[in-house]
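Trainee: I would like to learn how to read a model like this one. Where do we begin?

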Amino acid sequence: MDTSNPAVFVNGGLLRMYVGRRVRTVIQVLQSERGAVFGKSTDNLELVVKGSPSSIPLSTFVEVIGIADSEKSIRADIWTNFGDTFDTNSYNQLCQLASGEFKHLFV
């Protein structure tokens with residue numbers, strides 16, 4: 001496993017702390033336009049994900065990994081469908097742990 005450039009687990013509220021860094025998050029896809037996907041983070045904030053998802057249709061929930069462009073946007077290079085149901089509360093708890101007291105347990 002390559003740990004030289006880890007992606008930090010973030011939700012919409014934590015994204016601002018990692019602008020310019022590699023991040024990973026899950027969004028609920030609301031709209032997809034050429035070159036951008038508009039979605040809702042697991043803590044109900046609106047995010048824009050720039051980049052071209054794979055040629056397969058996106059599911060309702062998608063994990064994206066890329067560089068945080070701003071406090072509300074990510075330039076994604078990896079897209080993974082997470083299906084049509086997802087426990088957003090548990091993901092938010094994971095993000096809090098990964099950015100807080102237990103940060104040392106996450107790469």
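Mentor: With the elements. Helices (H or I, at least four residues) and strands (E, at least two) are DSSP runs, numbered from the N terminus. Asp77, for example, is found in strand β6. This is a predicted model: local features need pLDDT of at least 70, side-chain atom pairs count only at pLDDT 80 or more, and totals for chains, interfaces and linings use all residues. Residues are numbered from 1 along each chain as its sequence is written, and side-chain values use heavy atoms, with hydrogens and water left out.

Trainee: How many helices and strands are in the protein?

Mentor: There are 1 helix and 6 strands. Along the sequence the pattern reads β-β-β-β-β-β-α. The radius of gyration, taken over C-alpha atoms, is compared with a globule rule of 2.2 Å times the number of residues to the power 0.38. The protein has a radius of gyration of 13 Å, close to the 13 Å from the rule for 107 residues, so it is as compact as a globular protein of that length. Its C-alpha atoms fill a box of roughly 35 × 25 × 25 Å along the principal axes.

Trainee: What share of the residues counts as buried?

Mentor: Cut-offs come before the count. Buried means under 20% relative accessible area, exposed over 50%, and partly exposed in between (1.4 Å probe, protein chains only). Of the 107 residues, 35% count as buried.

Trainee: Which residues of the largest nonpolar core touch the most other members?

Mentor: In soluble globular proteins, nonpolar side chains tend to be buried together. A nonpolar core is a set of buried Ala, Val, Leu, Ile, Met, Phe, Trp, Tyr and Cys residues joined through side-chain atoms within 4.5 Å. The largest one here has 20 residues, and Val10, Leu15, Val23, Val49, Val64 and Trp79 touch the most other members. At least two core residues come from each of β2 (22–33), β4 (46–50), β5 (61–70), β6 (73–81) and α1 (88–99). β5 gives the largest share, 4 residues.

Trainee: What is Val10 in contact with, beyond its neighbours within four places in sequence?

Mentor: Contact means heavy atoms within 4.5 Å. With those neighbours left aside, Val10 is in contact with Leu15, Tyr18, Val23, Arg24, Thr25, Tyr91 and Cys95. Now take the whole protein. Among contacts between residues at least 6 apart in sequence, 54% join residues at least 24 apart.

Trainee: Back to Asp77. What does it touch?

Mentor: Not counting residues up to four places away in sequence, Asp77 touches Arg22, Ile65 and Gly66. Its C-alpha atom is 26 Å from that of Gly100, 23 residues apart along the chain.

Trainee: Where is Lys103 placed?

Mentor: In the segment after α1. Lys103 is partly exposed, at 45% relative accessible area. Lys103 and Val8 are 95 residues apart in sequence, yet 9.6 Å apart in space, C-alpha to C-alpha.

Trainee: Which loop holds Asn44, and what is its phi?

Mentor: Most residues other than glycine have a negative phi. Asn44 has a positive one, near 65 degrees. Asn44 lies in the loop between β3 (36–41) and β4. It counts as exposed because its relative accessibility is 56%.

Trainee: And where is Ser54 found?

Mentor: In the loop between β4 and β5. At 41% relative accessibility, Ser54 counts as partly exposed.
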